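These are my notebook entries on one protein chain. I record below what I looked up, in order.

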Amino acid sequence: MESVEPKASNGVVKEEKSRPEEPEIKKRKLNDDGSPNWGELESELREFVGEQGATETIELLQRANPSEEKMFVKLPPCAEKETRRNLHEWIRSRLNFCARADTIDETNSDGNAVTRGLIRIWHKSFERKMPNYGKFERNQQNRMPREKAPSDKQYLQFVLYKENMDTGAAVGQIQQFVQPPGGGRGRGRGGRGSFKHGGPKLRMGYAGMKDKRGITSQYITVPASTSLHALAGLNRPGQGGGHTRNGGVGIIRVGNFEYVANELRLGRLKGNRFDIALRNIELGSETKNIGSSLESAAQALKDNGFINYFGVQRFGKYHDTHLTGIAILKGDYEGAIDIIMSPKPDERPNIAEARAMWKDRFSHNSDRASAEKECAQKLSRQFNRFMHSEMAIVNSLARDPLNYEKAFSCINKTMRMMFIHAVQSYLWNHVVSNRIETFGGKVLEGDLVLADPNSIDGEGIPEILVVSGEDISANKYTLTDVVVPLIGSKTRDPANASADLFDTILLDKGLTREMMVKMEDRDFNSAGDYRKMICRPADVDFQVLEYTDPHQPLLQTDLMMLDGIEIKASLTSEKASATALLAMIIRFTLPPSAYATIALRELMKRPTSSEYQSELNVGSSKEIAAEN
């Protein structure tokens with residue numbers, strides 16, 4: 001597979017042994033894209049109901065469009081009331097997003113019970129068909145009175161704290177349980193509950209996406225008339241806060257509510273603050289002072305910054321988002337859809353089988369339209385609801401086979417634009433990498449710099465200046481001032497050899513500049529942008545900690561602070577014993593759209609992808625060779 005990760009620049013730290021941000025994940029209930037880990041859910045369910053019942057249940061719940069012929073799975077009878085109660089609690093805890101359950105007694109023709117304690121697990125799409133639907137609704141007197149927002153405050157702002165899910169997954173979960181103002185009646189306390197797929201969703205604003213691998217807090221806005229009680233109901237008791245060994249469970253907490261005048265939107269932030277734990281550090285035997293060696297590495301990051309590459313996450317979980325974008329720019333919608341639908345590594349067997357079925361859909365039927373329609377209909381029942389792009393494609397092709405442009409247009413607009421942004425990011429990374437390899441750290445005549453970072457035109461594109469020969473002679477600018485364009489209809493090229501680098505890489509991918517700036521589909525039109533070549537972190541500081549348990553927390557999260565849970569690791573300047581482990585806690589602030597993973601790669605000179613990190617053992621040691 002083609003690499004999307006650019007080369008690292010030279011620095012102080014030659015090697016590293018690290019672990020991603022807290023918590024260390026031993027179990028995963030969510031995949032990287034926020035979808036459920038069906039394999040682990042099936043394994044847990046198997047302990048209650050056996051292999052056949054678990055397999056049949058998970059297969060039903062994965063279906064995005066289940067048939068009314070199969071609305072529920074009937075489990076084997078269970079006489080033990082305590083066991084039934086534990087199973088119901090597990091279903092509410094683990095499967096609430098997709099399932100409901102009830103218990104019945106089967107009767108004979110005379111109405112006498114012949115089998116008692118039969119549990120049925122229903123696909124949530126059919127909850128209204130359950131005999132007891134709505135029977136246990138709370139009455140109105142148990143609802144929290146709604147606070148009236150000031151007339152000049154149109155939005156309710158709050159802090160969203162999350163663990164083990166990205167922002168998109170957290171927002172989706174909130175929308176699943178909190179009804180939009182003026183929407184239909186919610187289920188349960190305070191209007192909380194699940195709302196029919198395809199109905200109105202709560203409008204939620206946020207300034208940026210936060211990665212699943214980090215424990216994060218960020219501001220969210222919703223309409224001012226949103227129920228406070230419904231939002232507060234998301235704060236369910238349970239483990240979390242980075243201090244549990246049962247990692248992998250998605251955690252959401254909300255708080256700090258206040259009414260504000262403006263809605264948050266993507267990009268409207270000053271920056272992001274990071275606190276990161278690098279675990280189990282070993283320095284070479286020739287290193288005499290651990291503290292000063294690590295301080296040198298942190299100081300180099302602070303003083304020199306790092307090449308402001310887009311991180312690998314920009315290119316999707318399978319590093320193929322830019323390939324889809326390239327196909328779209330060429331007008332090859334069939335090729336783009338084939339990339340999206342192609343087999344992916346490490347997927348569940350039924351999903352892998354579905355992708356293989358798509359790949360071979362024309363093998364046994366010469367009528368291509370008929371073959372594709374039949375295959376798409378099957379896959380619409382086999383793909384799970386979290387595969388948004390795939391579901392949009394097969395649902396469209398099931399109605400209008402072979403119309404790939406229409407099928408692609410059914411994908412969420414934000415996702416479609418991500419394919420184009422990935423191409424821009426890919427070009428930027430490779431142009432900058434080649435530029436630095438060819439010309440080093442010099443500012444060149446014809447480079448571009450920002451005239452005023454606070455001055456933008458109507459398209460949101462910063463005003464720029466071209467570096468002149470006089471500027472070079474006067475040493476007016478450094479490499480930290482230079483910006484490189486993300487090619488679009490409103491950007492201009494550098495007036496030097498860097499522009500040729502764009503043309504060379506475009507040609508290598510079968511693209512032209514016209515394809516990038518004159519797209520027929522208005523949804524793909526991009527004004528472009530400018531991005532600084534070098535990013536210099538602000539407010540950099542660090543600590544060296546000594547600890548003994550490889551899995552103990554080293555950072556006090558916001559939730560741990562609220563719960564009064566302290567960190568047990570101790571500050572140190574050198575390793576006290578052979579069994580002790582060392583960690584470095586580094587903190588810094590980055591501007592919007594800069595990647596902490598790239599900053600860490602510069603510090604550690606090792607990959608920071610989830611694939612690489614998953615291979616590390618928190619109890620084993622590797623060396624960091626640092627220069628004094």
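I take helices (H or I, at least four residues) and strands (E, at least two) as DSSP runs, numbered from the N terminus. The model is predicted: local features need pLDDT of at least 70 and side-chain atom pairs count only at pLDDT 80 or more, while totals for chains, interfaces and linings use all residues. Residues are numbered from 1 along each chain as its sequence is written, and side-chain values use heavy atoms, with hydrogens and water left out.

**Entry: His388.** I looked up His388 and found this residue in helix α10, which covers residues 388-399. For exposure I use relative accessible area: buried is under 20%, exposed is over 50%, and partly exposed is in between (1.4 Å probe, protein chains only). His388 has 59% and is therefore exposed. I also noted that the C-alpha atoms of His388 and Asn412 are separated by 8.1 Å, with the two residues 24 apart along the chain.

**Entry: cysteines.** I searched for disulfides, meaning pairs of cysteine sulfur atoms within 2.5 Å. The structure holds zero. Cys375 has a relative accessible area of 5%, so Cys375 is buried. Cys410 has 35%, so Cys410 is partly exposed.

**Entry: the sheet.** I count two strands as paired if DSSP finds at least two bridges between them. Four strands form an open sheet with antiparallel pairing, in the order β11-β10-β12-β13. The edge strands, β11 (464-466) and β13 (529-532), each pair on one side only. Axes are lines fitted to C-alpha atoms, for helices over the stretch in contact, and angles run from 0 to 180 degrees between N-to-C directions. With direction ignored, neighbouring strands of this sheet are turned by 50° against each other on average. I found two bridges joining β10 (residues 448-450) to the antiparallel β12 (residues 482-486). Leu448 has Val483 as its bridge partner in β12. Helix α12 (residues 413-439) packs on the sheet and touches β12 and β13 (contact means heavy atoms within 4.5 Å). The direction of α12 makes about 140° with that of β12.

**Entry: a helix pair.** How are α6 and α7 packed? Helix α6 (residues 321-329) and helix α7 (residues 333-341) pack at about 165°, with their axes 7 Å apart. Angles under 35 degrees count as roughly parallel, over 145 as roughly antiparallel, 65 to 115 as roughly perpendicular and the rest as oblique; α6 is therefore roughly antiparallel to α7. In α6, Leu323, Thr324, Ala327 and Ile328 meet residues of α7, including Tyr333 and Ile340.
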